[in-house]
Structure formats: structure tokens, C-alpha cells
Amino acid sequence: MPTSGLRATTLFVAGLMGIAGVVSAAAASHGTDPRLLAEISAMCLAHAPALVALYAAWPSFRTAPVAALLIAFGTALFSADLAMRHVTGQGLFPMSAPLGGTTIMAGWLAVSIGAFLPRKAP
């Protein structure tokens, strides 16, 4: 996928994460056990704006593509595992939530590393 397609996809995924965050927050307020849904909401609503920021910084921020991929994939994996646990009582696969969390951390590390790299030329 060319980087322009990846950039547009990043903004699309940010929007979906925002929706998922609001929906899971609403569902958490009406259920008997809101813990997992509240965590999904927190993860999605924390990382959706980060993806929007990476989208905005994309033209000059060298690590924006890799950071966006890692944060988006990690958040989706982590949240999907929690959603499956809420609905079925079992996760996606063993260690999927920790893998998602570790992937998110790698994305944030990519953001941090990007601070020390020269900006892309316009």
C-alpha cells in the first residue's frame, strides 16, 4: 500500500476507534459488568486522537507510518480480545491482549524515536 493510502487508512481507523470508544462507553454504562467495556473505551478513545495527530504530522514526521501501524494494530488487537472476553468469556487467542499492549508500546516508542530523527523534506 502506498504511503498516501496508508495515511488515509490511518485517519479512517482513527474514526472507527473513536466510534468504538463511544459505543463501548455507552454499553459499559448500561451493563452489569462494565469493566472490560470501559477498558475498551479507554484504549480506543486514548489512541484515536494519537492516530489523528500522526495523520497530521505524516508529511514531516519520519516515524509516523510505523507508529500509526503499530498503535492501530495493537489497539485493535487489545480491544478485540477484551470484547471477546466480554461476549464469550474467552479471548481471541492466548496472550492476545498482552501482544496488543506490547504492540501499542512499540508504536509509542516509534513516536519517541521520531523526535530525534531529522524531519522529512517538504
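In which helix is the place of glycine 107? Look for glycine 107 in helix H4. Keep in mind as you look around that this is a predicted model.

Let's begin with what the records say. An unreviewed UniProt entry lists residues 6–28, 40–58, 64–84 and 96–117 under "transmembrane region". How does the model look over two of those stretches? Over residues 6–28, the chain is 100% helix and 0% strand, with the end C-alpha atoms 32 Å apart. Residues 64–84 are likewise 100% helix and 0% strand, and here the end C-alpha atoms lie 30 Å apart.

Now see how the helices sit against each other. Take helix H2 (residues 35–57) and helix H3 (residues 64–88): they pack at an angle of about 165 degrees, and their axes are 10 Å apart. Anything over 145 degrees counts as roughly antiparallel, so that's the label for H2 and H3. The crossing of H2 past H3 is left-handed. If you want to find where they meet, look on the H2 side for residues including Ile40, Met43, His47 and Leu51, and on the H3 side for residues including Ala68, Ile71, Thr75 and Phe78.

Move on to the next pair, H3 and H4. Their packing angle is about 160 degrees, with the axes 7 Å apart. That angle makes H3 and H4 roughly antiparallel to each other too, because it is over the 145-degree cut-off. H3 also passes H4 in a left-handed crossing. Among the H3 residues that meet H4 are Ala67, Leu70, Gly74 and Asp81, while the H4 residues include Ser96, Gly100, Thr103 and Gly107.

Between H3 and H4 there's a loop, and methionine 95 lies in it. Why does methionine 95 count as exposed? Its relative accessibility is 57%, and the cut-off for exposed is over 50%. There's something else to spot here. Most residues other than glycine have a negative phi. Methionine 95, though, has a positive phi of about 70 degrees, although it is not a glycine.

Step along to serine 96, and you're in helix H4, which covers residues 96–114. Is serine 96 buried or exposed? It's buried, because its relative accessibility is 0%, and buried means under 20%. The side chain of serine 96 reaches the backbone oxygen of phenylalanine 93 at 3.0 Å. Setting aside residues up to four places away in sequence, serine 96 touches Leu77 and Asp81.

Further along H4 you'll find threonine 103. Threonine 103 has a relative accessible area of 12%, so it counts as buried as well. Which residues does threonine 103 touch, not counting residues up to four places away in sequence? They are Leu70, Phe73 and Gly74.

And so back to glycine 107. At 0% relative accessibility, glycine 107 is buried. Leaving aside neighbours within four places in sequence, its contacts are Ala67, Leu70 and Ile71. Now pick out the C-alpha atoms of glycine 107 and alanine 67: these residues are 40 apart along the chain, yet the two atoms are separated by 4.3 Å.

Notes
Residues numbered from 1 in each chain as written. Predicted model: local features only at pLDDT ≥ 70, side-chain atom pairs only at ≥ 80, totals over all residues. Heavy atoms only, no water. Helix = DSSP H or I, 4+ residues; strand = E, 2+ residues; numbered from the N terminus. Buried < 20%, exposed > 50% of the residue type's maximum accessible area, 1.4 Å probe, protein only. Polar contact = N/O pair within 3.5 Å; in protein donor to acceptor, adjacent residues only side chain to side chain. Contact = heavy atoms within 4.5 Å. UniProt positions renumbered as here; feature names shortened; annotations may be inferred. Axes fitted to C-alpha atoms, helices over the stretch in contact; angles between N-to-C directions. Parallel < 35°, antiparallel > 145°, perpendicular 65-115°, else oblique. Left-handed = near helix turned anticlockwise from the far one by under 90°.
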